[in-house]
Structures are given as structure tokens and as C-alpha cells.
Amino acid sequence: MLKTQELQINIGPQHPSTHGVFRLIVTVDGETIIDLKPVFGYLHRNHEQLGEVSTYIQSMPFTDRLDYFNSMANNFGLSIAVEKLAGIEVPQRANYIRVLMAELTRILNHATAVAFMINDMGAWQTPLAYGMREREKILDLFEMASGARMMCNYFRFGGVVRDLPPEFMPQLHDLMRGLPTFFDEFERLLRENEILMLRSEGVGILPKELAASYSVTGPVLRASGIAYDVRKAEPYSVYDELDFDVPIGSVGDVYDRFLIRIEEMRQSYKIVQQVIERLPDTTGGHINPSMANIGKQKALRPPAGDAYGRVETPKGELGFYLVSDGSTRPYRYKVRAPSFINLTPLGDMCRGHKVADVVVILGSIDIVMGEVDR
Amino acid sequence: MPSMSTEELKERLIRDLPGALAPARARAEHANNGGSAPKADPLAKPKKGEEGPVDLLATKDAIVLAERIPDVARYVRDTLGYTLLTDLTAVDYLADGVIELIYRFVHLEGGPTLAIKTRVPRDRAVVPSITPFWPGADLQEREAFDMYGVDFPGHPNLVRVYMWDEFEGFPMRKDFPKQGDKYIDEEDEA
């Protein structure tokens, strides 16, 4: 009679597939996972304490570094929260520019996330290059608008820091022409690949009945079959004027999370098309005139009280809880990070699978350590 | 889309869970609760002589006794239908000697969030854990424990999440020394 013994293996923190400095202590029996314990904190940078000693606008560049892949989305979250707290109006043109940036971020994040997922499965660098190619084109657009590729710091309270330059729109049109072909090509890479389907179907299932109790949000929740999207649930900016669908999955496994992300890219493309049509007719300028001066941004004193502002980033629901004591610095600055909370069911999703599946499941949740550890 | 005002929530809590709501404080409420219609101009400098101490604890949200949190959480999930705990935040009010925990729930059909607050004294911060029946609170309660020192009896694995296990102190508390930290001094000596 063969006897087996449980073994504790350490994955990370220095590991090419853990999406940053993330450590997992797995207890295995052979190659099957019995238990999984994640260890956080390798990228803890005191973001919330920095928020308490900085003024509201000084926190804006720090939010770029939360989810460092999607800096525009993080900026959006802080702007929504502070504008709610202080009662600042955002003009129509600024809102449309913000939505444009947020949806381009969604396309770039999902392209990269799917590409990295396939990379984690061992398909090495070729599919990664497919996703990164589109990402580079969108990063060029960001550089044109804000001056930086990744750490954009583009949003301000009341709008965005500057209007789109004249060369932005022609390049955006070029990008939009090439995107549908890219989506179809990318999806064909997934749907017609037997190895990929074998490795992702039935792996890492998060059942629909449990998904909400685990507090997951974003594509992971939608892949499990629950149609919850902050853009539809509590519309912010101009999302209630735009027409788009929220794709949901059926099984909640890794394969569903792939397909959800591809479909969300298509919906973002639809939104960007509508924004491009409406942008020439919008009014109001790129920022609320009373907040246009950087001195006004620095001197912002929201009335005492609290507010919770949330946005739908590509990873899930990003929320900022701010408590103001009437001064220029927040009394409490809390970031509700989607990647952190989406890791709650990781242990339960991985139980019973092999070690190689852990990497795939982790990739399908799509985490960024900057957000997990803050 | 389901939406519940704080008045309606408080009425339902009084009716269905008697004794859960904390007794009311005898002080004025903020105009700016949850960002609703602030009356002050955010760019105005406070005038000399008008700067009084700000009452940070005044709020319109429902404040619940700490020991009733599991009952209230079950009520919010099963009766009111808010099944997703989206945020669990701790705030340290040093001047008033309380730590406030805000539980924020969301209804899957949409609508604004529902906030339930509870306050515990700083030197005895104990709130029963809701993780046994609400697994989504697991990491969030661990973060409140790690950063603020709030104890959650009933939590299956209440260990630190960001700091290392042997770390002493609770970093986000307002009286945690920001400089001259004993770990920094040890590094300089080594």
C-alpha cells in the first residue's frame, strides 16, 4: 500500500508567474493541492498613510501606482470620490474624455490579462506579444494626451488636466480600424486551441451561489453568472447615456473568465465608438473652470463628512472612502482594492487542482500587487 | 434599482432588530454625509474666529452596537437582500477615543451602497467576526486587525495581512509613531 505525505511548498515571492511579489504557501499531496495560504505585504507601501499626510491632489499621482497597469482608471476612482465629497461638477466634455480614457484602459488591460494568462499556461511569449502590441498602440495615445505612458496623472478634480491634442483623434481612428480584427484574431487563438481549453475548462470554478458571498467583483463575478457592473449599478460620469452590454459567463471557470474579458473588450470598443461620435458636440471644456488653477486643486477643503466613490476598473470595483475634517488633508483615506478582495476565494478555487493550475487560476483572477498590498 | 435611505434603514432596524441601533448622540449632524449636498464652498478658506473644532463623529448613517453586528449583517443579507459586502473600513478617531468600522453592502440588482457603522473604544476594540457565515469578510477583517488592532473573535485565521507576524503595533492608528520607529532605529545600528 503506497503511503503519501503532505508537503508544504513555497511559490514566490520571486516568481515569474505570480503577477508581482506574491507568496503562496501550498500544502500538496503529490501534486494535488490540499490547502493554499497566500502571504501578502511584499509590496506594501503605506499608500493609505501617505494619503493622510498629503493633500487630496497630492494623492493623485500615488493612485497611478496602485494598479500600475491601469493608471487612468485609478485616477478616475479618486476623482469621483473627491468630487462626491466636495460637490464639484464636471463639465460634459471632460466626462466624455474621462470615459474615453477609462474604456481604452479596459481594452489594454484585458488584452494584456488574456495574453499573460496564456503565457502562464506555458505558451511562452508569442501570444503575449499579440496582446502587448495593442497595448503599445494605446499607450502611445496616453502619452500623447497626458505626457506619460503608464503613470499618467491625467485626471484632476473637476475634469482632466488638459484637453486632447489635435493629433489624438486621427491616431485613435487608426487604432479603432485595427481593433475588430485584433479581437477576432485573439479570440480565435483561444477558441480553437485544444490545449488551452483542456487547461482552462473546469479549472478554478467559483459557483454562482458563492461568488457574491466571497465579495468578488469585476470579471471574476461576471464569469460566475452574476451581472453586476458598477457602470450599470450606480452609473457615474456619462455611462448612463452610453449603450453597452454586460457579458456574463455560465460556469465560472478559467475559460469563462477568458471569454468574458474578450467580450468586454468588444463592449469597450462599442463605447469608444459612441464617445468618438459625440465628442465634437460636447460643451464645457476639459475641466470645471473654478478648479482649473492648480492652486485651487491644492487648496481644496471639502466640508467635514465622508463619501465613498467607486468606479468599475478592469479588475473590479475600485472604491475610495474619504473622511474629511474640513482641512486640506483627508482624515481617513481608504482604498477598496479589487485585486485584494478578489483573492479571498483563491484557496477554495485551487483545492483539488494541481500545482500548475494554481498559476492559471491566479492569472485568471487578474491581480496587480500594487493594488493588493497598496 | 433597490435603494434604501438611512432613515428607512434605521426604521427597519428599530422594528426588526430591537436594541441593535446604538443610542443617538445629542449633537448636530453634518451637512456633508456621503457627499449629499454639501453647503460649504470647498475652496473657501475658513474665516478667522469661525474655526471651531469639527465634530468628526456626527453622521446620518445607522450606527449599530458592536455585539449585534452578526445579527445585523445576517438581516442585511437575508431580509434586505444586500448580498455583497463590498468594503469594511476602520477609522481611528483619536480625539474621541473610538475606532469606527464601516460595513458597506451592495445589492446585486444595482443601486447605491448601504453603510452600517459601529463604534468601539480604542483600548478595547472587539467586534464579533462575520467571516464564519460571510467568507468575503475574511481578508477585510484581517486588514482591520493588522492596521488598527481591532479584534474579531470567531475569525478562523486572524493573523496580520501586510506586516510580518512578529510586528508590534498597529500602523494606521493615529498615535503610531511616524518617525523614530523602533525598527528603523534597529536598522541604523546594524
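In the predicted model, Arg93(A) is located in helix H4 of chain A, which covers residues 92–123. The relative accessible area of Arg93(A) is 18%, and because the threshold for burial is under 20%, this residue is classed as buried.

The buried positions comprise Asp357(A), Val358(A), Val359(A), Val360(A), Ile361(A), Leu362(A), Gly363(A), Ser364(A) and Ile365(A). Asp366(A) comes after H15(A) and has a positive phi, near 65 degrees.

At the level of the whole chain, the secondary structure of chain A consists of 16 helices and eight strands. Burial extends to 63% of the 374 residues of chain A. The radius of gyration of chain A is 21 Å; a compact globule of 374 residues would have a value near 21 Å, so the two agree. The C-alpha trace of chain A spans about 80 × 45 × 35 Å along its principal axes. Considering contacts in chain A between residues at least 6 apart in sequence, 72% connect residues that are at least 24 apart.

The surface and charge of chain A were also computed. Its accessible surface amounts to about 13100 Å², and carbon and sulfur atoms account for 53% of this area. Chain A carries 40 positive and 47 negative side chains. A distance of 5 Å separates the centres of these two sets of side chains in chain A.

Chain A also forms an interface with chain B, in which 53 residues of chain A are in contact with 56 residues of chain B. The area buried between chain A and chain B is about 4300 Å², with carbon and sulfur atoms giving 58% of it. Of the area that chain A buries against chain B, 14% is supplied by Gln49(A), Arg301(A) and Tyr331(A), more than by any other three residues.

Key:
Residues numbered from 1 in each chain as written. Chains lettered and ligands numbered in written order. Predicted model: local features only at pLDDT ≥ 70, side-chain atom pairs only at ≥ 80, totals over all residues. Heavy atoms only, no water. Helix = DSSP H or I, 4+ residues; strand = E, 2+ residues; numbered from the N terminus. Rg over C-alpha atoms; globule rule 2.2 N^0.38 Å. Buried < 20%, exposed > 50% of the residue type's maximum accessible area, 1.4 Å probe, protein only. Contact = heavy atoms within 4.5 Å. Areas by Shrake-Rupley, 256 points an atom, 1.4 Å probe, with all protein chains shown as cover. Lys, Arg positive; Asp, Glu negative; His and termini not counted. Charge placed at Lys NZ, Arg CZ, Asp CG, Glu CD. Buried area = accessible area lost by both parts, 1.4 Å probe.
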